[in-house]
Amino acid sequence: MIEIARKKKDEKMLLRVATIRKQRDVKCGEAVRIAKEVELLITLMRHEVVGFTFMKQNGDPCHVRGTLKDYWNAFKYYYFAKANNRFVVYYDLDAKAWRTFQAAFLMRID
């Protein structure tokens, strides 16, 4: 059973890496790093407010404080990010609105 769970987790990571490489011209190692950070960001935002930076479409960095804690209250279902989803959803505390950014352009978690 543990082996099956591990295999599914590896498949999810490989799919996320492939999706990132389609969106952005990066080497495999960089795509793996971004994929791991995206997974970590989503996990952290489920329980707390997290500061992070991503690159906007015009190339400028954008620093935000986001969370997923109130996702259930807003949408009446839990947030499960599919590995091939190009976007990450978050609640922007400064803008007081739900937003998305392209997962491939996550720069760092603060």
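User: What share of contacts between residues at least 6 apart in sequence joins residues at least 24 apart?

Analyst: A contact means heavy atoms within 4.5 Å. In the protein chain, 51% of the contacts between residues at least 6 apart join residues at least 24 apart. This is a predicted model: local features need pLDDT of at least 70, side-chain atom pairs count only at pLDDT 80 or more, and totals for chains, interfaces and linings use all residues. Residues are numbered from 1 along each chain as its sequence is written, and side-chain values use heavy atoms, with hydrogens and water left out.

User: How many helices and strands are there?

Analyst: Helices (H or I, at least four residues) and strands (E, at least two) are DSSP runs, numbered from the N terminus. The protein chain has 3 helices and 5 strands, in the sequence pattern α-α-β-β-α-β-β-β.

User: Where does threonine 53 lie, and is this residue buried or exposed?

Analyst: Buried means under 20% relative accessible area, exposed over 50%, and partly exposed in between (1.4 Å probe, protein chains only). Threonine 53 lies in strand β1, residues 50-55. With a relative accessible area of 3%, threonine 53 is buried. Leaving out residues up to four places away in sequence, threonine 53 touches Pro61, Cys62, His63, Leu106, Met107, Arg108 and Asp110.

User: What percentage of the protein chain is buried?

Analyst: Buried residues account for 34% of the 110 residues. The C-alpha trace spans about 40 × 35 × 20 Å along its principal axes.
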